[in-house]
Amino acid sequence: MEHEGGSSGSKKRRLIPLAPAPAGASGQGASAGSGSKGRRQVTAACEACRRRKSKCNAERPKCSLCVRHGTDCRYATAPTETHSQALKRKHSELQTRITPYEELFELLKSKTEVESQEILRRIRTGNDVGSILRHAKDGDLLIQLSLAPEARRRYEFPYIADMPASILVPDNLYLRSFVFETTFRAPPTHGFVTDSQREGFGDDRYLKPYHAAQVVDPNFSNVNVSRWTNVTSDDNLLRRLLNAYLYYQHPWTAAFHMSYFVKDLANGRTRFCSSLLVNAILAASCHMSREIPDRTKFWVPQTLGYQFLAEAKRIWEVECRKSVSSLTTIQAAIVLSIVSTTSAMDKVGTSYLLQAIVMATNLGMFKASMGTDNVKMQRARAFTAWGLFCWQAWQQFYFTRPPYIKDPPDYPLPDPMVDPEWYGEIWIRYPLGQTVFPSYLGCTIKSNFELRKLMNDMGAEMFHADKQPEVTVEQILDCKARLDNWFTHLPDALAPTKVVLPDHLKIHVEYYGTIIMLMRLRVQNPGTALDVTWRDIIKHAEVRLETLLRLYYLRHSFESYDPLLMHWLMFLGDTVLQRLDSTSARLMSRSDVESMRSTLILCAKGLYDQGHNYHIAVLVYRLLRDRMKANDLDLLRTHIFSSSPGGGGSGYGSGAGSDAGADDDPPLMMEYVQAEWVAPIGSSNDPARKTLDYLLAEYEKLSLDRNVEDLGEISSSASPGP
């Protein structure tokens with residue numbers, strides 16, 4: 001056996017590996033694991049062996065040759081990679097690293113000027129590229145989500161989610177409206193058996209907020225707006241600002257003929273468009289666009305609103321030196337008056353208004369011929385003449401002063417069904433929907449003009465310069481009869497059961513609010529006793545006013561620009577606040593008191609939200625807030641800071657991308673306030689004691705440690721409203 005084994009061993013002797021076996025493994029295991037004879041194949045050598053051109057065994061962390069030579073052993077590849085595979089991987093990693101920077105560069109090129117500035121600000125504060133891109137993308141996604149709400153989106157009331165029992169009365173017509181039924185999924189009350197038979201069923205206007213929709217026509221997509229202004233060349237931003245003006249401001253004030261303006265704007269003609277008018281409109285629209293940061297701070301030169309306004313004022317000074325005024329100069333004066341009023345500088349706004357009236361009178365714009373034989377110019381001038389007349393009528397009525405213009409233009413208002421082109425139309429479409437809806441602009445503007453004419457007539461009869469209003473029972477009843485007649489003849493699109501868009505709801509709000517104002521004028525006279533009929537009239541109007549404001553909130557929220565909304569939120573909030581502070585509140589049930597508190601919180605939150613758009617709302621919010629009791633104030637702050645516009649916790653002056661902390665106590669900036677607007681608070685006999693100038697000056701005198709009861713001294717002369 002030994003001989004046999006010895007003779008065969010010379011032929012079958014195992015070869016010893018040249019390289020040492022891996023640490024911790026026997027020679028037998030290493031050989032068996034190799035699966036082949038000779039030197040073990042390696043995928044990639046270390047960098048030192050590659051430089052020496054040596055045979056590397058690719059052991060890690062150090063190969064045998066590097067161990068022998070005492071050199072640093074590094075690999076440019078992963079353990080299972082070849083050099084070509086490693087090159088591909090590194091190329092891919094480099095592309096991955098470069099792509100975010102390329103994407104960031106593209107964002108800076110494509111975003112608006114405001115958004116680009118915000119991106120640069122984040123870069124300078126040290127944010128990494130990934131977080132900046134996520135912020136931009138998430139922001140766009142949030143915008144898309146807000147523009148594409150669920151099928152039955154509705155906002156929730158702060159504090160108490162339900163409608164108060166006090167307004168759920170059988171004869172409240174708005175509880176049978178389409179917007180109420182679709183919002184609360186109430187059973188149809190119009191003779192329909194199922195939801196699908198209801199007129200409002202499936203209609204996006206009753207299911208989604210107005211600010212979610214987009215303007216389809218007029219279309220500014222290809223308009224070179226930047227040719228009209230020196231402030232910015234960002235046409236995309238300018239187009240969005242013009243859309244915002246037509247969306248939120250034009251239906252309410254209607255200072256210029258929309259169709260004529262848009263055509264000349266696009267074609268570069270100056271008959272119905274001018275740089276002055278465009279810059280004035282852009283200054284106003286900065287307050288209406290949520291993407292504009294610090295839009296309430298009209299005094300800050302770095303804000304876009306300030307820059308557009310400064311450009312408009314510069315051109316205004318040039319235009320005023322001309323011997324003959326143009327139509328667009330008058331139109332710009334109306335817009336500048338509006339901007340000044342919402343900035344708590346209505347004394348400046350009145351100056352623009354009076355100059356516009358003089359210019360229009362000199363052009364013969366209140367005559368039937370409009371001072372021209374050209375039919376197109378006649379129509380354009382007539383539209384602006386009515387807009388000017390109605391703006392001064394609205395302002396003077398709410399300021400409890402006699403009107404500047406006694407009679408309306410001689411040019412009769414056309415029927416929007418017969419001559420729709422005189423008013424124009426704004427067509428909108430909601431996200432995820434295909435239907436294009438009209439805003440019924442003609443019906444809205446004509447109804448507003450007619451209401452302003454009634455206000456002008458009533459103001460001429462009841463208000464006197466430097467005197468308290470003097471009214472008789474007969475005058476008030478006659479005014480109410482005229483208002484009732486106007487209300488019953490509203491067009492079908494504005495019927496109580498069909499109203500849904502903000503401008504439609506506001507027409508009804510003004511009707512009931514004006515009735516309450518008239519009734520209270522009589523109450524303010526010393527020695528006047530209210531009988532049951534008068535109390536019933538006031539109660540009837542107050543119930544419907546609150547219902548309309550609550551429906552407005554549920555469908556659209558109070559976040560979008562709406563100065564008229566501010567007035568009536570203050571009106572309702574003050575009414576509730578007085579009742580909560582009255583002795584009769586002790587006799588109310590707890591549920592009634594809590595319902596009134598919920599209304600107060602809703603009104604105050606609405607004023608806070610409006611304060612993100614224009615400065616006068618900041619001041620009005622303070623007037624109401626500082627009279628609230630401590631527990632109500634804590635409750636209010638809980639709700640406003642948990643659902644602030646533009647993201648939770650953003651304070652006043654915040655805008656796109658703002659990281660500002662929550663703050664409901666911004667400076668009053670009294671040095672800029674020049675406001676004679678009469679706050680709808682209390683029932684003082686003297687309107688001069690309710691002007692914003694007077695109230696703010698009085699509140700500023702109060703020390704911060706005064707009691708809440710002391711804060712109510714400003715309106716102490718007013719007894720609780722009926």
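Reply: Happy to! Let's start with helix H23 (residues 590-610) and helix H24 (residues 615-625), whose axes come within 7 Å and cross at roughly 155 degrees. Axes here are lines fitted to C-alpha atoms, for helices over the stretch in contact, and angles run from 0 to 180 degrees between N-to-C directions. Helices (H or I, at least four residues) and strands (E, at least two) are DSSP runs numbered from the N terminus.

A word on the source: this is a predicted model, in which local features need pLDDT of at least 70 and side-chain atom pairs count only at pLDDT 80 or more, while totals for chains, interfaces and linings use all residues. Residues are numbered from 1 along each chain as its sequence is written, and side-chain values use heavy atoms, with hydrogens and water left out.

Back to the pair: H23 and H24 are therefore roughly antiparallel to each other. For that wording, angles under 35 degrees count as roughly parallel, over 145 as roughly antiparallel, 65 to 115 as roughly perpendicular and the rest as oblique. Their crossing is left-handed, a term used if the near helix is turned anticlockwise from the far one by less than a right angle, with right-handed used if clockwise. On the H23 side you will find Leu600, Ala604, Leu607, Tyr608 and Gln610, which meet Ala617, Val620, Tyr621 and Leu624 in H24. Contact means heavy atoms within 4.5 Å. Sorted by class, the contact of H23 with H24 has eight nonpolar, one polar and no charged residues. In this sorting Ala, Val, Leu, Ile, Met, Phe, Trp, Tyr, Cys and Pro count as nonpolar, Asp, Glu, Lys and Arg as charged, and the others, Gly among them, as polar.

H24 has another partner to look at. The axes of H22 and H24 come within 10 Å and cross at roughly 5 degrees, and that makes H22 roughly parallel to H24. Met566, Met570, Gly573, Asp574 and Leu577 of H22 make this contact with Ile616, Ala617, Val620, Leu623 and Leu624 of H24. By class, it has eight nonpolar, one polar and one charged residues.

Lys313, Trp316 and Cys320 in H14 meet Tyr352, Gln355 and Met359 in H16. Here the classes are four nonpolar, one polar and one charged residues.

There is also a sheet to visit. Three strands form an open sheet in the order S1-S2-S3, with antiparallel pairing; two strands pair if DSSP finds at least two bridges between them. Strand S1 (214-217) and strand S3 (436-438) are the edges, each pairing on one side only. S1 pairs with strand S2 (residues 427-429) over three bridges, and Gln214 stands opposite Arg429 in S2.

Finally, some backbone details. The peptide bond from Asp217 to Pro218 is cis, with omega near 10 degrees, and Pro218 lies in the loop between S1 and helix H10 (235-248). Another cis bond joins Arg60 and Pro61, with omega about 15 degrees.
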